[in-house]
Each structure stands twice: as structure tokens, then as C-alpha cells.
Amino acid sequence: MTVTLDTPAARTQPSSGGRRTLASLIVQGADRTGIVSAVAAVLARHQANIVSLDQYSDDPLGGAFFQRTVFSLDNLPLVLPEIARDLDKQVKRPYALDYTLRDLSVPLRMAVFASKADHCLLDLLWRHRRGELPVSIPMVISNHPDMAEEVRGFGIPFFHVPSAGPDKSAAEAEHLRLLKGNVDFVVLARYMQILSGSFIEQAGVPIINIHHSFLPAFIGAGPYAKAKERGVKLIGATAHYVTEDLDEGPIIEQDVVRVTHADTAADLMRRGADVERAVLSRAVLWHAEDRVIRSGNHTIVFA
């Protein structure tokens with residue numbers, strides 16, 4: 001079982017002082033009577049105010065249980081370690097549950113990988129600048145230099161790491177050097193390179209990808225031209241976590257838009273880009289707010 005305690009002190013960030021701030025608590029494991037009551041009792045003992053609570057059980061008779069609780073509390077960074085100790089005693093051990101506890105005032109650090117297509121990358125940067133995504137972006141990494149000036153215009157460091165040919169080991173080694181200790185998750189914003197299993201394992205953080213269709217339809221190059229040839233009436237996009245199995249990781253979000261026989265391949269590409277932007281931004285937001293719980297090759301999303 002794993003327990004994660006993430007506080008501003010752990011990131012050497014300034015304390016929130018006496019301000020009342022929010023924390024998220026994710027609990028998962030085998031469903032049993034009394035879990036919700038035990039969690040609430042721990043929070044009540046510390047004078048925490050529960051502001052949001054979502055839960056799901058896939059079978060109340062011994063199935064899997066998932067709960068997301070958001071609570072507010074004065075002097076949160078100082079109190080979180082005490083809450084964690086109580087959760088160990090009152091929730092983790094007696095109920096054999098895993099949990100994560102995080103101060104939501106500390107934004108997750110998100111690295112973005114991109115290639116030449118800019119629509120998903122620039123949409124994320126724009127939403128971040130508007131305050132719509134509760135993340136920090138320490139870097140953008142691309143295998144092409146094309147978007148360097150646009151990215152730096154947002155005040156975000158841009159790193160060009162070429163990745164050509166069948167051997168990607170040098171590029172992945174540089175990626176790992178840049179990422180190590182600096183990010184909490186990675187987003188592939190139409191990054192047109194396949195990540196090796198070794199890289200995924202060594203990165204050690206969640207990686208979110210945006211795919212230009214409902215998996216696995218129209219894989220490979222020219223997906224919208226293939227969709228036009230097939231005469232589709234719906235096009236869509238899928239955001240999912242990356243695993244060693246290409247484009248088969250746990251799905252976070254999907255959406256579609258209706259098209260007609262009159263739409264050209266260029267129309268499909270334009271409309272598909274709109275769907276990709278929307279789906280990816282929702283997936284990033286939900287991940288950043290601890291709304292997504294992974295369970296095997298599935299996700300529970302408290303959106």
C-alpha cells in the first residue's frame with residue numbers, strides 16, 4: 001500500500017500561514033461498512049470542514065471502493081501530517097485502504113511535450129495564463145524548434161530535444177534529465193513520438209496523451225483523411241494515461257462531434273482539433289484537481 005503526503009513544505013514553497021486552504025483526500029480499496037464514517041470522523045477531530053465528497057463502489061458486497069473528499073482547514077500545511085497519522089491508525093490499517101492526501105494550494109507541476117501541431121499546446125498555455133488550470137508549467141519540450149518563440153512568449157522555458165531515427169535513447173535520456181525532480185506529471189500535446197517502456201518507467205510520473213479518435217480507430221498518419229474516406233458521421237478524441245501498450249492506457253475523457261458528407265478532410269481536421277483541445281484540457285484539469293482515480297486499466301472520474 002502507498003501513502004502520499006504532499007505539502008508546501010515538501011516542495012520548499014512558502015507556507016500559507018494561517019489562511020484557510022483546501023486539501024484533497026483520495027481513498028481506495030475493498031468496500032466495507034464504516035469507511036465513510038471513519039474518514040469523516042478523522043477530519044472532524046481536526047476541525048476540518050468537508051466541502052465536497054464523492055464516492056463510488058463497483059459492488060457494495062466486497063467490491064472496490066473509491067472516495068474523493070475536499071476539505072478546508074486553518075493552518076493546513078502544519079496540520080496535514082497529524083491528519084495523515086490519524087488516517088493511518090483509523091482508516092488505512094483497520095480497513096486495508098490506500099490513500100493520498102494533498103494540499104490543493106500547491107499546484108502540480110506539468111511538463112508539456114509537443115511536436116509541430118500547436119493547437120493543444122497553445123490551448124493549454126492560454127488556459128494556464130487565464131488561471132483556468134491549477135498547475136505550474138516548468139517546461140515545454142519539443143522535438144522541433146518551431147514553437148520556441150510562442151512558448152517563451154508565455155514566460156515558459158522551451159527545450160528543443162531532437163528525436164529522429166529508430167534509436168530514441170539519447171533523446172529520452174535528455175528528457176529524463178530535464179524532468180527529474182521538476183515535474184509531477186507530463187502531458188503529450190500531440191507529441192508525435194512513441195515513448196519507450198523504459199522511459200515511462202523511469203519518468204515515474206503520470207503521462208497523459210491526447211489521441212485523435214476513439215481508440216483504436218484510424219491509427220497512424222493522416223487519420224482525418226482516413227476518416228473522410230470511410231465516410232464517418234462522428235469524429236472524436238480520447239485523453240488517456242500512457243502505458244507500455246500503445247494507446248491502450250486508462251481513458252480519462254472522450255468526446256465527439258457530428259460531421260456530414262459535405263465536410264472535407266480539412267474540415268474534419270479543423271473540427272477534430274477543437275475536440276482534441278477540449279478533451280485534453282478537461283483531462284488535465286481533472287487530473288490536476290485529483291478527480292481521477294486509476295484502477296487497473298480503468299479510471300473513476302469524479303468530474
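This is a predicted model: local features need pLDDT of at least 70, side-chain atom pairs count only at pLDDT 80 or more; totals for chains, interfaces and linings use all residues.
1. Residues are numbered from 1 along each chain as its sequence is written, and side-chain values use heavy atoms, with hydrogens and water left out.

2. Now for the aromatic rings. A pair of them is described by the distance of the centres and the angle of the planes. Rings of Phe, Tyr and Trp (its six-membered ring) pair if their centres lie within 6.5 Å; planes under 30 degrees apart count as stacked, over 60 as edge-to-face and the rest as tilted. The structure holds three aromatic pairs. In one of them, Tyr 56 and Phe 66 are stacked, because their centres are 6.3 Å apart and their planes are at 15°. Tyr 56 belongs to strand S3 (residues 49-57) and Phe 66 to strand S4 (residues 64-74), so that the pair links distant parts of the chain, 10 residues apart. Helices (H or I, at least four residues) and strands (E, at least two) are DSSP runs, numbered from the N terminus. Tyr 56 is partly exposed, at 39% relative accessible area.

3. How are the rings of Phe 113 and Tyr 191 arranged? This aromatic pair is edge-to-face, with 5.3 Å from centre to centre and 85° between the planes. Phe 113 sits in strand S6 (residues 108-114) and Tyr 191 in the loop between strand S9 (185-188) and helix H6 (197-203), so the pair ties together parts 78 residues apart in sequence. Both Phe 113 and Tyr 191 are buried. Together with Phe 199, they form one aromatic cluster.

4. Have a look at Tyr 241 too: Arg 294 lies over its face, 4.5 Å from the ring centre. A charge sits over a ring if NZ of Lys or CZ of Arg is within 6 Å of the ring centre and within 35 degrees of the ring normal.

5. Finally, two backbone angles. Most residues other than glycine have a negative phi, and most peptide bonds are trans. Gln 47 has a positive phi, near 65°; this residue is in the loop between helix H1 (35-45) and S3 and is exposed, at 60% relative accessibility. Asp 290 also has a positive phi, near 60°. Asp 290 is in the loop between helix H8 (265-288) and strand S13 (292-295), and at 15% relative accessibility it is buried.

Key. Buried means under 20% relative accessible area, exposed over 50%, partly exposed in between (1.4 Å probe, protein chains only).
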